[in-house]
Amino acid sequence: MRNEDQPDIEADKAIDLPASEQPDNLRRNMLRFAALGGAAVVTVRPGIAQAAASAMKCSIPVPDSANSTKWIRNSDGALVAKNTAKSIPGPSSPLAGEDVKNSLRYGTTYPGYTSAQTTTWNKYINNLTVGKQGYTCFASVQNPAN
Amino acid sequence: MSAPIYRTDYPADCLTHPLDGLMLVYHRPSGATHFLIDPTSDMLAILAEAPCDADMLARRLCHRIGTELDDEALEVTAQRLEELLDSGLIRAA
Amino acid sequence: MEAMRRLYAGYPAPEQGLATLTALIDAPRAWRRWIRPQAAIDGDFTLPGAIPMAIRHGLLAMEMAMNMQVALGERRHLLLHAAAIERGGKALILPGESGSGKSTLAALLGEQGWRLMSDEFVMIDLVTGLALPFPRPISLKNSAIPVMEALIADSSRFGPLLSDTPKGMLRHLRPSARSIAAMDVPAKPALILFPRFGDDAAAAGISQSELFMRMTEGSTNYVALGQPAFETLIEMVRTIPAASFSYPDTATGLAIVEQFCAEAGL
Amino acid sequence: MNDARVLTRALADPISAIEIKPADWPALLSIARAERLDGSLGYRLADLPLPDAVRSALDQARRDAEAGRVQALWEVEMVHRAFRASDLPLILLKGSAFAYAGLPAAIGRQIGDLDILLPRDSLQAAEEVLLANGFEWVKNDDYSQGYYRQWMHELPPLIHRDRGSAVDVHHTILPLTARRTPNAAALIDASVALRPGIHILSPADMIVHAATHLLADGDLAGGLRNLWDIDRLLRLFSVDRDFWPALGRRAVLHEMREPVALALRLASNIFATPVEPRIAGHDRMRDSLFTRRLLARDGWGRETRPISRLGFYVRSHWMRMPPMMLARHLWTKARAG
């Protein structure tokens, strides 16, 4: 498509092209409006591979499988014995990374569950620490690139 | 500290392609593709001719596109410089 | 895995008997089999914490695993998340997320004079710019299932009906014999249409810069491929007309597609 | 062949790959990917008369590695630009160092995070510079932050908000809790400048560091790739007649004499790396245990020998932390959960 031996010539031509094509006042306006607008350098980021990575492949069990019979306390997300007052059991299946991301970032509730359940489970998720089951997924959904 | 001088490898390390009034750039050292919206490609072209500091860049940019140098032009230039620095297309030296 | 073999009936064995990508389906830990049956997606390219699925959905798990293998592993071609169909050597590319209806449209057209090239991933050869077929079993979802069942008499082309999967109801359909026979025959991309199911019928043109951006967003490997992908995509957006359209029902969607194709000479 | 020996043989003796039967190639490629050595294999076997499907798989692995190399070098460049403005030195470790220096270990090697070494008293400044230049904490709770700062040999992981790249800032090469204490200041003093502001470890220190990685800093997962690094580096460094005595001295200085000796013996066993017997010492009983662990893979690329693995997991924790501290760590984690 382009001649690799002449990148400079190509590039120079490319730079001059918009200047000669556009009337001066339009270019002046662009400079003005640019001050108000968003980014002027927009970079292509990895596409759906990354979305697929977070959405399809990662999930957070609540609670972790070693504590699967425990319930989660409403006030702080701590694990407590089954049937403890002011606590609820976890969801029947692990929460999808994509749902966790949306819930933490935009306040959405987990599909099929109430906002009270969502709030309590998110407290548990926010308490996850290095090495805990689900932590890697939690970290990846917090990564703004996802 | 004196004002930093900005320089660029553009367009030598880049493939460029104008598209709909934007400049599409493939930057070889980073492997990144950038859409450049005016006046950033002009700023790169100016720095490619000769590195300079932010004030001089604003002055040369206004001269290039035939407009007055004022506070707004300085502000736009400073803002776009930040973006270009983040992208790695220019560096402070 | 009998269902798997049936869906892949009629496919040639891989070149020289070598499968260079391995997708593997397995119960993660032996004891879990007895507590809650699970199947884990696994293979050469993995990401941590796969979503386990009930074993009866093993077929779906396998399909997803194979899609992931392709999405993460392919480096020789620009990989687009899109369906593609071919007529007269020219390919229509239908990029889109799950739910855009691209699979259903492509499956229907694949039974009506077009050759189905792929319902999920289109590979663009970085040297020739041609689209390469990838005709694997089509995942029909929810309302698309009865539509295709009514259209196709040969029940052996369908996999078992899977209910309650993470994607809802699901049934796999083996592409037509013609489509499978031509699985090595590329086609020149001639039109790109972005379908969106659900709204009133409407269409809008897409500028070259917007097309470039949307194609990179819909590609699993654009960034990893570097300069060759940039050059290929520039060439595509410069030479291939593109538009987006919304459609309220399948019949309208098909009519819009055919109208665009007539105008673009497909 | 049901372990990774099929891979190590192909790497060490590429010509032998011509004899590999078609049915054995998928397993070999899977194992190579699982060990993250597919790019290295791709370059080692380039231009051999192999089946077309294999050649194209290897070609793909080479492209992957090359794309990764470009990204890694760019990350070095961007962090260097940020550090230079604050006069912070940048000492590259592991993959980024090999790539930047053009060492043979870099050929086809996948490079993960950017690992850098800094004097401990520069850590605060480095943290500020990175945070001011688009890096963000992966996890910003008090416990994680405290855990890393108090016990680990690095800052908590940082990820760039736009580039998605991760940087690990180390102030030494083993956790502070490990029983061995490498001399971080000596590592920095002996580092070699490749250009103003960008350094790599001296050859002997580089081998010591690779040995820490292989044996003292984890459960040996991914160990084959570390061992392949050691093979590639030793074959280059040992051309210099002063190298082996220097390695002996540095291994003692960093309290790493035995791990370095073992790493040398393992490299010699698995890759036939030429090593200096006076430093490598004699085979021990447990060498074969390590060798088995390093080669534990089935034909799908999955790790086998779970009993051997479990032993190494316990070993890994035990080596990082004295028992009381391990108890405290587990207790805190339990309480946090």
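Buried means under 20% relative accessible area, exposed means over 50%, and partly exposed lies in between (1.4 Å probe, protein chains only). The model is predicted: local features need pLDDT of at least 70, side-chain atom pairs count only at pLDDT 80 or more, and totals for chains, interfaces and linings use all residues. Residues are numbered from 1 along each chain as its sequence is written, chains are lettered from A and ligands numbered from 1 in the order in which they are written, and side-chain values use heavy atoms, with hydrogens and water left out.

**Exercise 1. Describe the contact between chain B and chain D.**

Step 1. Count residues. Chain B gives 12 residues and chain D gives nine residues.

Step 2. Give the area. The size of an interface is often given as the accessible area lost when the parts come together. Buried area here is the accessible area (1.4 Å probe) that two parts lose on being put together, summed over both. For chain B and chain D this is about 680 Å², with 48% of it on carbon and sulfur atoms.

Step 3. B:S30, B:D86 and B:R91 supply 51% of the area that chain B buries against chain D, more than any other three residues.

Step 4. Name the elements. Helix 3 (71-87) and strand 5 (90-92) of chain B each supply at least two residues of the side that touches chain D.

Step 5. Sort the residues on that side of chain B. Four are nonpolar, five polar and three charged. Ala, Val, Leu, Ile, Met, Phe, Trp, Tyr, Cys and Pro count as nonpolar; Asp, Glu, Lys and Arg count as charged; the others, Gly among them, count as polar.

Step 6. Count the salt bridges. A salt bridge is a side-chain nitrogen of Lys or Arg within 4 Å of a carboxyl oxygen of Asp or Glu. Between chain B and chain D the count is zero.

**Exercise 2. Trace the hairpin in chain B.**

Step 1. Start before it. B:P11 sits in the loop between strand 1 (6-8) and strand 2 of chain B. The peptide bond from B:Y10 to B:P11 is cis, with omega near -5°.

Step 2. Check the cover. In strand 2 (residues 14-19) of chain B, five of the six residues are buried.

Step 3. Pair the strands. Two strands pair if DSSP finds at least two bridges between them. Strand 2 and strand 3 (residues 22-27) of chain B are antiparallel, over six bridges. B:C14 faces B:H27 in strand 3 of chain B.

Step 4. Look at the turn. Two residues lie between the strands, and B:D20 in the turn has a positive phi of about 50°.

**Exercise 3. Which strands stand at the edges of the open sheet in chain A?**

Step 1. Write the order. Three strands of chain A form the open sheet, in the order 4-3-5, with antiparallel pairing.

Step 2. Read off the edges. Strand 4 (79-80) and strand 5 (87-89) of chain A each have a single partner strand, so one side of each is left without a neighbour in the sheet.

Step 3. Check one pair. Strand 3 (residues 71-73) and strand 4 of chain A pair over two bridges. A:I72 has A:L79 in strand 4 as its bridge partner.

**Exercise 4. Follow helix 5 of chain D from D:K94 to D:G102.**

Step 1. Begin with D:K94, which lies in helix 5 of chain D. D:K94 is not a glycine, yet has a positive phi of about 50°. At a relative accessible area of 22%, D:K94 is partly exposed.

Step 2. Move along helix 5 (residues 94-101) of chain D. D:G95, D:S96, D:A97, D:F98 and D:A99 are buried.

Step 3. Step past the end. D:G102 follows helix 5 of chain D and has a positive phi, near 65°.

Terms used
Contact means heavy atoms within 4.5 Å. Helices (H or I, at least four residues) and strands (E, at least two) are DSSP runs, numbered from the N terminus.
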